Amino acid sequence: MELESKDAYSGQDAGQKSRNGGFRITRPKGGDSRALWTLVALLVILLSGRLISPNFFEIRMVNDRLVGSLINILDSSAPYVLLAVGMTLVIAVKGIDLSVGAVMAICAAAAVVLIRNYENGATAFYFQPGFVILITIVIGAVCGLFNGVLVAFLDLQPIIATLILMVAGRGVAQLITGGQSPTFTNDAFAFIGRGVVFGIPFPILIAVAVLIAAIILVRRTALGLLIESVGVNDRASYYAGIQARMIKLSVYMLSGMCAAIAGMIVAGEVKSADPHKAGLFFELDAILAVVIGGTALTGGRFYLAMSALGVLIIQSLLVGLYVSSLHPTTNLVVKAFVVLAVLLIQSPEFRRFITKPFRRTS
Amino acid sequence: MRIAKLGLIVLVLLSFSVSFANAQGTGEGLTIGFSQIGSESAWRTSFTEAVLAEAKERGINLLFSDAQQSQENQIAAIRAWLAQGDVDAIILAPVIATGWDDVLKEAADAGVPVVIVDRNVDSDPSLFVTRVSSDFVHEGRLAAAWLVQATSGDCKIVELYGTVGSAAAEDRHKGFMEVIALFSKMQVIHSETGNFVRTEGKAVMQSILSSEDPANICAVFAHNDDMAIGAVEAIKEAGLTPGKDILIVSVDAIPDVFDAMDAGTINATVELSPFMGGPAFDAVAAHLNGEKLPAWIPVAGKLYTSRAAYDADH
């Protein structure tokens, strides 16, 4: 207990120094340099892709839809960006949400089962595709509510609290579908995952819209500041008059809603919901993206756009591996090394260590 | 004395009933415990249903236990059957390969034969009667043979790999490569993993189609139907006609693949047979009759190019 409060105190101290020391509430310089190096890493990965495949940057128009490796990267990033938005906010309040992959599976399963009812002639209004989308988002929010109550009101460790739904969630999804992978044909609902607007795959637009909405929500209002405050020291925030529990509860709910949309995208993409595999291990890549983006797992300061950049790095790497002729057995090892390299290049200590021999001694 | 007499009568009756059951060769009247892994996939569920149906048809009293992915549950179920002493044989679909020695020895000591189905165990073969499972290598060979015939041995292929390291993926790859190695113009130009998942199969195919000239790709070999269905979507998005511009052959024969065949988007699939109950019961009956069995009884699925052909067989 003593240790914890000490930790929290020093964290708070550091936060205040950077904010009040310069008498301005802007991002510190360190963040900018990190963003720069992360961008460099992304460019290096994309250029490597270009070296492997000469038409890596080529974008064509086929049947009114843009086609190309770069579009594929954005397209496959979309569900991860949604998860990363929720995950960033959860991590900012010193939490973690391991359940997002399972919540995706639950929501995909529920949505597809509802849509199948609609296809089989059910006329009730809540089987209409629009309502199904709404219901699914509510289901995601309820999953988030479950996590949030465990963490914020029952004070369970976030990693354990969300592990419960991570494990049980796939069981719930299997119950919903009866263990099968149901398919559907409704194009209106499938639009979420495979629609095209002005040549751009719809999932990309959803991800960008949610990302921008989240950034506006937290940066144009006091919410972002409150979240960081709760993440740095929830008790101090509470004494300062912030409803720390409600803040935590709402970010978990937001994370659940993001997972619901991601689940519908994945289901729409292939017009089916696989309760066993939909969203499997997505939570890990989402957490990885948040970490690459520079949000510390210890809570506090968070960077939404940087998390999205982290997602792009992981997905560019994956698409690069797909077009390479490397045997699939090497994929995971290559991924591990590249992620390590990205994290190292971001570290000022490591850069100093590398450039040491080349610096002039004075 | 009286007890001994009674015991003798019971013994005679018992051996009589066993020999009667075995005379059928179908296992009729036997009590068999079946420990299944769980119900993690549609295929697994149909496998379970097929075993239950087969047992009913043969008049076998089947004790079914769903282990829900846990080896502990499987061992507990087997011990319970052995303790009760009412099973004539046990059929085990092991969740993993290791850690079966003790419980298999217990079964052997109790004189209850065990038949392994589906996945393998690494225990000494003397501890179980035989193993009944799909022949993944055969499936890969069959898919390759169809493709060779369809393209007269001249084809550049994209391989959608299953989960790396899984026996299904590695063996299907092995069988496929064995056959196409016989034809100099058959060539795998891309091999990438889609982890047996629809969305990943689609993502991999999208990426390959954006980097490779689609005219260079003659066919897709997917290690399962789900990835093939994902690939169909990607090929459509790229403005090509799946099943025509790019041939598609896969493995599993799930119901969805026949919808795709009706639409002409997938050309052929090799059945991953869920009908392992029959051969397993046959093995039990043969073993109890004193017959010697091979260490492995492969169940080979057929290749289907239309729903009609599949329906005719089932």
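## Ground rules

Helices (H or I, at least four residues) and strands (E, at least two) are DSSP runs, numbered from the N terminus. This is a predicted model: local features need pLDDT of at least 70, side-chain atom pairs count only at pLDDT 80 or more, and totals for chains, interfaces and linings use all residues. Residues are numbered from 1 along each chain as its sequence is written, chains are lettered from A and ligands numbered from 1 in the order in which they are written, and side-chain values use heavy atoms, with hydrogens and water left out.

## Two positive phi angles

B:Asn195 sits in the chain B loop that runs between β7 (185–193) and α7 (198–211). Its phi comes out near 55°, a positive value in a residue other than glycine. B:Asn195 is partly exposed because its relative accessibility is 28%, between the cut-offs for buried (under 20%) and exposed (over 50%), using a 1.4 Å probe and protein chains only.

Over in chain A, A:Lys94 has a positive phi too, near 65°. You'll find A:Lys94 in the loop between α3 (69–92) and α4 (100–119) of chain A. With 41% relative accessibility, A:Lys94 counts as partly exposed. Most residues other than glycine have a negative phi.

## The chain B sheet

Back in chain B, six strands make an open sheet with mixed pairing, ordered β7-β6-β8-β9-β10-β12. The edges are β7 and β12 (303–304) of chain B, each pairing on one side only; strands pair if DSSP finds at least two bridges between them.

β6 (residues 154–161) of chain B runs parallel to β7(B), and eight bridges join the pair. Within it, B:Asp154 stands opposite B:Lys185 of β7(B).

## One more aspartate

B:Asp101 belongs to helix α4 (residues 101–109) of chain B. Its relative accessible area is 34%, so B:Asp101 is partly exposed.
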